[in-house]
Amino acid sequence: MTLSIDPKEFAKLALLANPSTSESVEDKAKDSLELYLSAYKLAEKYERYSNSAQETSEAFKNIRDIDLNL
């Protein structure tokens with residue numbers, strides 16, 4: 001059984017769960033953007049692997065060490 005993860009929703013939840021602790025507004029924005037994009041791309045990659053994998057655990061194994069190339 002595979003799980004479906006909406007990349008946009010996952011990225012929003014990751015951002016809400018991990019707020020930036022930076023001092024300046026600009027640094028907070030940069031931290032937030034980096035986290036959002038990383039979470040989004042990771043969820044997209046999971047979706048690609050899960051569509052071709054039979055099991056969710058197999059998809060997780062495939063994405064565990066992926067370089068996101070941001």
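**Exercise 1. Determine how exposed Lys30 is, and describe its salt bridge.**

*Solution.* Lys30 has a relative accessibility of 48%, so it counts as partly exposed. This value, like the others below, belongs to a predicted model. The category follows from the cut-offs: a residue is buried under 20%, exposed over 50%, and partly exposed in between.

The next step concerns the partner of Lys30. Lys30 forms a salt bridge with Glu26, and the closest N and O atoms are 3.1 Å apart. Glu26, at 53% relative accessibility, counts as exposed.

The last step places the pair in the chain. Lys30 and Glu26 are 4 residues apart in helix α2, so about one helical turn separates them.

**Exercise 2. State how many salt bridges the model has, and describe the one between Glu9 and Lys12.**

*Solution.* The count comes to 2 salt bridges. One of them joins Lys30 and Glu26.

In the other pair, the side chains of Glu9 and Lys12 meet at 3.6 Å, N to O. The cut-off for a salt bridge is a side-chain nitrogen of Lys or Arg within 4 Å of a carboxyl oxygen of Asp or Glu.

Both Glu9 and Lys12 lie in helix α1, 3 residues apart, which is about one turn of the helix.

**Exercise 3. Describe the overall organisation of the chain.**

*Solution.* The secondary structure comes to 3 helices and 0 strands. Along the sequence, these elements follow the pattern α-α-α.

Burial is considered next. Of the 70 residues in the chain, 23% are buried. The accessible surface comes to about 5,300 Å², and carbon and sulfur atoms account for 53% of this surface.

The final step turns to contacts. Among contacts in the chain with a separation of 6 or more, 58% are between residues 24 or more positions apart.

**Exercise 4. Identify the buried residues of helix α1 and explain how they are arranged.**

*Solution.* Helix α1 covers residues 7-17, and its buried residues are Pro7, Ala11 and Ala14. Seen down the axis of α1, these buried residues fall within an arc of 65°, so they line one face of the helix.

The face turned away from this buried side can then be examined. On that face, α1 carries the exposed residues Leu16 and Ala17.

**Exercise 5. Locate Leu35 and list its contacts beyond its neighbours within four places in sequence.**

*Solution.* Leu35 is found in helix α2, which covers residues 25-52. With a relative accessibility of 26%, Leu35 counts as partly exposed.

When neighbours within four places in sequence are left aside, Leu35 is in contact with Ala14, Leu15 and Asn18. Ala14 is one of the buried residues of α1.

Leu35 and Asn18 are 17 residues apart in sequence, while their C-alpha atoms are 8.5 Å apart in space.

Note on methods
Residues numbered from 1 in each chain as written. Predicted model: local features only at pLDDT ≥ 70, side-chain atom pairs only at ≥ 80, totals over all residues. Heavy atoms only, no water. Helix = DSSP H or I, 4+ residues; strand = E, 2+ residues; numbered from the N terminus. Buried < 20%, exposed > 50% of the residue type's maximum accessible area, 1.4 Å probe, protein only. Contact = heavy atoms within 4.5 Å. Areas by Shrake-Rupley, 256 points an atom, 1.4 Å probe, with all protein chains shown as cover. Arc of directions from axis to C-beta.
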